[in-house]
Amino acid sequence: MNAATGFLRVLAVDDEPPALDELAYHLRADPRVARLDTAGDATEALRVLRDSDVDVVFLDIRMPGLDGMELARVLRRFARPPAIVFVTAYDDGAVDAFDLGATDYVRKPVRAERLAESLRRVIGARVVPSHPAALARAEEDPTIPIELAGTTRMLPRSAVRWVEAQGDYARLHTSDGSHLVRVSLATLAERWADAGFVRIHRSYLVQLKLIAELRLVNSGYVVVIDGTELPVSRRHTRELKDKLVRAAKQDWNR
């Protein structure tokens with residue numbers, strides 16, 4: 001398709017008229033947008049979606065009645081669900097947004113170049129939207145939104161080596177740096193357990209397969225990941241040992 005002629009069918013949803021007008025203005029100005037509908041709440045949005053095919057919904061989160069997260073859950077049940085881009089003034093819903101399969105998470109006030117980037121991501125994500133391999137990869141390695149110089153970027157979960165609690169936040173450590181996200185360590189421990197992340201301390205969550213050593217020191221045990229020593233609390237020591245032994249047996253029997 002020729003981007004100059006427009007081909008995306010877009011729905012913008014926000015209960016605040018000035019914010020909706022600004023969002024609609026920027027989206028209409030993008031040459032990739034062929035049609036733009038707007039809605040002031042979830043009920044109106046569902047009416048538009050009932051009557052029209054939509055490729056992507058730009059969706060506010062905090063709205064009266066059915067909020068943006070709840071509407072996104074409804075949209076996921078569609079036979080051909082549209083892509084979701086959350087547009088919000090808050091960052092505390094980012095992890096939930098990407099758990100719902102959101103393509104992007106844009107902070108208000110919106111900027112034309114940031115929305116252009118979102119549309120690029122939507123197009124890239126929907127090139128093979130129903131390909132089983134693509135869907136499997138997305139489910140196996142979800143992305144985490146991180147803020148870098150005022151821009152939200154997507155970090156693959158597979159890039160995270162270990163996680164450190166910092167109050168109500170968590171610091172995600174990767175091979176080339178670290179990133180602070182607004183989500184508790186307990187929440188990540190619950191959500192990422194099936195991906196091999198284990199709690200070793202009230203302040204640390206690690207990827208089990210990356211543990212190079214479990215070492216006894218004067219005051220207890222530490223694990224070593226990428227040359228970094230992380231403490232293991234007494235309450236987590238036995239469980240960690242059991243998991244390491246089971247993992248080693250599984251590898252041996254392959």
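# Close-ups of the predicted model

**View 1. Strand E1 and its partners.** E1 and strand E3 (residues 56-59) line up in parallel, joined by four bridges. Strands pair here if DSSP finds at least two bridges between them. Helices (H or I, at least four residues) and strands (E, at least two) are DSSP runs, counted from the N terminus. This is a predicted model, where local features need pLDDT of at least 70 and side-chain atom pairs pLDDT 80 or more, while totals for chains, interfaces and linings use all residues. Residue numbers start from 1 along each chain as its sequence is written, and side-chain values use heavy atoms, with hydrogens and water left out. Five of the six residues of E1 (residues 8-13) are buried, so the strand is largely enclosed by the rest of the structure. Buried means under 20% relative accessible area, exposed over 50%, and partly exposed in between (1.4 Å probe, protein chains only).

**View 2. The β-α-β unit.** Follow the chain from E1 through helix H1 (residues 17-29) into E2 and you have traced a right-handed β-α-β unit. Right-handed means that, with the strands pointing away from the viewer, the path from the first strand over the helix to the second runs clockwise.

View 3. What does UniProt place at Asp60? The record, an unreviewed entry, has the feature "modified residue: 4-aspartylphosphate" there. UniProt positions follow the numbering used here, feature names are shortened, and annotations may be inferred rather than shown by experiment. Asp60 lies in the loop between E3 and helix H3 (68-76), and it counts as buried because its relative accessibility is 4%. Skipping neighbours within four places in sequence, the contacts of Asp60 (heavy atoms within 4.5 Å) are Val13, Asp14, Asp15, Gly68, Val87, Thr88 and Lys108.

**View 4. Helix H5.** H5 (residues 112-125) has 14 residues and spans 20 Å from first C-alpha to last, close to the 20 Å expected at 1.5 Å a residue. That expected span is 1.5 Å times one less than the number of residues. Buried residues in H5 include Arg114, Glu117 and Arg121, along with Leu115, Ser118, Leu119 and Val122.

View 5. E8 (residues 162-166) and strand E9 (residues 169-174) run antiparallel, with five bridges, and Val163 has Leu172 of E9 as its bridge partner. The two strands form a hairpin with two residues between them, and Gly167 in the turn has a positive phi of about 65 degrees. E8 is also antiparallel to strand E12 (residues 204-207), over three bridges; Trp162 pairs with Val206 of E12.

**View 6. Two aromatic pairs.** The structure has two aromatic pairs. Rings of Phe, Tyr and Trp (its six-membered ring) pair if their centres lie within 6.5 Å; planes under 30 degrees apart are stacked, over 60 edge-to-face, and the rest tilted. Trp162 and Tyr204 make a tilted pair, 6.1 Å centre to centre with 50 degrees between the planes. This pair ties together distant parts of the chain, with Trp162 in E8 and Tyr204 in E12, 42 residues apart. Trp162 is buried because its relative accessibility is 9%, and Tyr204 is buried at 15%. The rings of Trp192 and Phe197 have centres 4.9 Å apart and planes at 50 degrees, so this pair is tilted. Trp192 is buried at 6% relative accessible area, and Phe197 is buried at 4%.
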